[in-house]
Amino acid sequence: MGSTLDVALLKVLAAILGLAQATGWSGSVGTMASWFYKHERGKVMGAWSTNFTVGSLSSTYAMAGILAIGASYESGWQWCFFGGAIVLSVVWLQFYLLQRNRPEDVGLPPIDDPTPRHESTAPEPPGLGLSREAWTNLLLVGGFYFFSKFVRYAVWSWSAYLLKKSYGLSSSQANFYATAFDVAGIFGVLATGYLSDKYFASRRAGVSLLMMFGMMASTGLLMAFAEADVVVFIVLLAAVGFTLYGPDALLTGAGAIDIGGRKATFATAMISGFGSLGPVVQEVVIPRVYDAKAAEKSGDLGVVFLLLFLSATMATLFCAILVWRNRRGGKGI
């Protein structure tokens with residue numbers, strides 16, 4: 001991608017990149033499922049799931065540095081792509097040499113977790129052999145993930161732009177302050193994973209629901225107060241990140257393992273597929289609504305914050321149904 005400016009070719013390469021990157025989360029979560037017991041997955045997966053938050057932050061700062069260094073060179077922008085490829089090559093090499101799918105691959109005994117009540121012990125076709133209860137949980141988490149990723153990618157796509165346009169910040173200031181969302185998210189992931197194991201008996205939905213109530217409140221406060229002051233905007237942006245990233249990582253990591261059992265990779269892939277529709281929808285919906293001047297009645301940012309609040313509300317609803325299923329027979333997660 002760093003070697004061409006042809007728009008058609010860039011589209012093709014971006015599609016290939018997206019297809020390849022989509023294999024990462026489900027395959028990695030499937031591997032983690034074989035190495036840790038259920039009672040420890042919350043805190044383990046909480047720590048592990050900081051990978052995409054730390055990756056997002058480090059790449060933001062790294063690319064900014066590369067662009068600054070290459071500003072005086074005509075091809076400076078290309079090194080954003082070349083640099084990413086170099087880092088990925090190093091990751092690929094260590095993964096190829098060191099990664100193992102199961103403890104048995106290195107002579108260790110297998111993790112002997114009890115079979116989930118919704119997982120059949122009979123031979124089943126790969127992937128599609130989940131029970132009705134497991135499918136219900138999978139679809140509920142998939143619905144949650146759609147709306148969760150709608151908010152996450154909306155913030156990624158629009159926060160720096162809104163900070164610059166609405167508060168008169170420079171591009172570098174806007175991008176720097178926008179990272180408050182990701183920084184707070186790191187602590188949210190760690191806290192949510194720890195709490196799920198320590199105080200919720202490895203039930204993922206209960207602690208996620210509490211965090212989602214916080215996310216609803218944060219996006220609601222954005223609608224009410226964020227346009228008044230840039231500091232308020234940044235603080236509330238951090239609050240959204242803290243409350244969003246924890247449930248996001250927990251339900252699609254440890255939660256997907258709990259749902260899928262030995263089919264964790266399939267369950268994770270299905271949930272991730274539903275979730276990936278959220279960013280696509282927000283990229284289409286938000287700019288169209290924004291450009292249609294629907295925000296004139298409530299200020300420049302009102303329509304964006306309203307969409308974030310509605311998405312947070314829907315994600316909270318899916319979490320609430322999972323909690324309700326737990327209380328109606330322990331069939332949630």
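The model is a predicted one, and its protein chain holds 12 helices and zero strands. Of the 333 residues in the chain, 43% are buried.

**The pairing of H1 and H11**

- Two packed helices are described by the angle between their axes and by the distance between those axes.
- For H1, which covers residues 7-33, and H11, which covers residues 264-291, the angle is about 145° and the axes lie 8 Å apart.
- On the H1 side, the residues that meet H11 are Trp25, Ser26, Gly27, Val29, Gly30 and Ala33, while the H11 side supplies Ala264, Thr265, Thr268 and Ala269.
- Sorted by class, the contact of H1 with H11 is made of five nonpolar and five polar residues, with no charged residues.

- Ser34 sits in the loop that lies between H1 and helix H2, the latter spanning 38-48.
- Ser34 counts as partly exposed because its relative accessibility is 24%, a value that falls between the 20% and 50% cut-offs.
- Although Ser34 and Arg102 are 68 residues apart along the chain, their C-alpha atoms are separated by 5.5 Å.
- Setting aside neighbours within four places in sequence, Ser34 is in contact with Asn101, Arg102, Pro103 and Ile111.

**Helix H5 and the largest nonpolar core**

- The largest nonpolar core has 69 residues, and the members that touch the most other members are Phe144, Leu163 and Phe233.
- H5 gives this core its largest share, which amounts to 17 residues.
- Leu163, with neighbours within four places in sequence left out, has contacts that include Gly168, Leu169, Tyr177, Ala178, Phe233 and Ile234.
- Ser159 is placed in helix H5, which runs over residues 132-167, and Ser159 is classed as buried because its relative accessible area is 6%, where the cut-off for buried is under 20%.
- A polar atom of the Ser159 side chain lies 2.6 Å from the backbone oxygen of Val155.
- Apart from residues up to four places away in sequence, Ser159 touches Ala154, Ala178 and Leu237.

- Arg204 is found in helix H8, made of residues 204-225, and Arg204 is buried, with a relative accessible area of 0%.
- Arg204 and Cys319 are 115 residues apart in sequence, whereas their C-alpha atoms are 9.4 Å apart in space.
- When neighbours within four places in sequence are left aside, the residues in contact with Arg204 include Lys38, Arg41, Asp197, Leu250, Leu251, Asp258 and Ile333.
- Ile333 lies in the segment that follows helix H12, which spans 302-327, and Ile333 is also buried, at a relative accessible area of 4%.
- The C-alpha atoms of Ile333 and Leu251 are separated by 8.5 Å, while the two residues stand 82 residues apart along the chain.
- Without counting residues up to four places away in sequence, Ile333 touches several residues, among them Asn137, Val141, Arg203, Arg204, Leu251, Leu322 and Asn326.

Terms used
Residues numbered from 1 in each chain as written. Predicted model: local features only at pLDDT ≥ 70, side-chain atom pairs only at ≥ 80, totals over all residues. Heavy atoms only, no water. Axes fitted to C-alpha atoms, helices over the stretch in contact; angles between N-to-C directions. Helix = DSSP H or I, 4+ residues; strand = E, 2+ residues; numbered from the N terminus. Contact = heavy atoms within 4.5 Å. Nonpolar A, V, L, I, M, F, W, Y, C, P; charged D, E, K, R; others polar. Buried < 20%, exposed > 50% of the residue type's maximum accessible area, 1.4 Å probe, protein only. Polar contact = N/O pair within 3.5 Å; in protein donor to acceptor, adjacent residues only side chain to side chain. Core = buried A, V, L, I, M, F, W, Y, C linked by side-chain atoms within 4.5 Å.
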